[in-house]
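Morning, everyone. Please bring up the model on your screens, and we'll walk through a few strands and then a metal site.

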Amino acid sequence: MNPLLNLVILGSTGSVGTSTLDVVARHPGRFHVVGLTAQQRVDVLFEQCRRFRPRVAVLPTEPRAAELRRLLAAEGLVTEVRVGPEALCELAAASEVDAVMAAIVGAAGLRPCMAAARAGKRLLLANKEALVVGGGLFMQAVAAGGATLLPIDSEHSAIFQCLPEDRSTWARRIDHIVLTASGGPFRQRDPATLHEVTPAMAVAHPNWVMGQKISVDSATMMNKALEVIEARWLFDLAPERIKVVIHPQSIIHSMVVCRDGSVLAQLGTPDMKVPIAYGLSFPERIESGAPRLDFEQLQSLSFEPPDPRRFPGLQLAWDALRAPAGTTAVLNAANEEAVAAFLAGTIGFGAIHSVNARTLDRLPPRLGPSHTLDDLLELDGRARDVARQVMRELAA
Ligand code: NAD
Ligand code: MG
């Protein structure tokens, strides 16, 4: 019998958050949901509280918290509703918590991730932006806190599943890794027509159902750029040991090329419940609820190199990793601002890359060797200001 795992889900109302609760619900008695958090969608959070009975729920503002308290009281539910970013950190580090699913989108998830890492939790990381911003500091917090960092991003879970549990063998074993990318909805679209792309077209991913931000990132391939940076830290690899190939079917989730030329791959249907279940049960395996791969129905698996003219943002990952510390935080902040503006209809699809590249040019970070989390978050804020200035200039 496995001990009960006390679990917090940060961002429980999102795509990864709801898939996590799907997996949890399949295993009564194995997981106890201690805390759930959301930014909006109080009604969804309320339904989750009704079903999973967490001790704590967190929302960003008092009015939303009051709304949830009212709904809970009407049902006689005792979940305590807390407010604001500090409450997220306290929940992620609470002593009764064994595991934290980090499923917030964006740099907003960095502080609670760091709190969970410092408190030595089992940290299930979907929130790639937190690691892209936190970089070496994030990994130091994991080591210092004795946390177990488990990748949830499907590519990184695939790599992790292809490697032995003993991390000390990884450096000797790996020649390089290959992250697969679907190429998103515009892989075959004439690049000259990309300026006509609307937010609705950009979020319609051919293979995966995901939140809006990551869907736009998949269309620009900035998602893969963020994943290259994420892989650099998760697997302690030099940037040149990380490669990307387009694999439109999204069946091979990524590959490890070993020193002897042997290639290890992890395959499955494109369903986040597989990496989520692995993170929840590692080193065991539990039912995920994902549909099975049917090799008799499977047609060809194909591969192609990413076209740098169509996806100019991808190269920024290696450039930023080779630039001074903090550059990946600037790239992430610019991209978050640009994607939000694109989704709001204020900039075009093609402008996302211009905003990212120009912000990087204008804000070379000057962080000291012993920079802190506050330094990184201050840099994140300045990069957002620069990105917004760039967007005003583009609009003029
Ligand atoms: P989503 O937009 O569907 O959900 C985000 C969740 O975070 C929601 O619960 C939202 O309320 C909460 N949230 C948003 N902004 C917040 C803020 N400022 N403070 C606190 N909470 C906030 O996003 P998603 O698609 O589930 O992605 C979550 C993370 O997982 C992202 O970093 C994404 O890159 C990563 N990821 C997602 C998928 C996927 O299939 N969706 C796959 C791999 C990795
Ligand atoms: Mg991914």
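Two strands pair if DSSP finds at least two bridges between them. Strands (E, at least two residues) and helices (H or I, at least four) are DSSP runs, numbered from the N terminus. This is a predicted model, where local features need pLDDT of at least 70, side-chain atom pairs count only at pLDDT 80 or more, and totals for chains, interfaces and linings use all residues. Residues count from 1 along each chain as written, chains are lettered from A and ligands numbered from 1 in written order, and side-chain values use heavy atoms, without hydrogens or water.

Start at strand E3, residues 56-59. Val56 and Val58 point one way, Ala57 and Leu59 the other. All are buried, meaning under 20% relative accessible area (1.4 Å probe, protein chains only). In a regular strand, side chains alternate between the two faces of the sheet.

Now the neighbours. Strand E2 (residues 31-37) runs parallel to E3, joined by three bridges. Glycine 35 sits opposite valine 56. On the other pairing, E3 and E4 (residues 80-83) are parallel over four bridges. There, valine 58 stands opposite arginine 82. From E3 the chain crosses through helix H3 (residues 62-74) to E4, a right-handed β-α-β crossover. Right-handed means that, with the strands pointing away from you, the path from the first strand over the helix to the second runs clockwise.

Last, the metal. Which residues are the protein donors of the magnesium ion, ligand 2? Asp153 (OD), Glu155 (OE) and Glu227 (OE), at 2.1 to 2.2 Å. Donors are N, O and S atoms within 2.8 Å of the metal (3.2 Å for Na, K and Ca); water is not among the atoms, so sites may look incomplete. Glutamate 155 and glutamate 227 are both buried.

Definitions and conventions. Buried means under 20% relative accessible area, exposed over 50%, partly exposed in between (1.4 Å probe, protein chains only).
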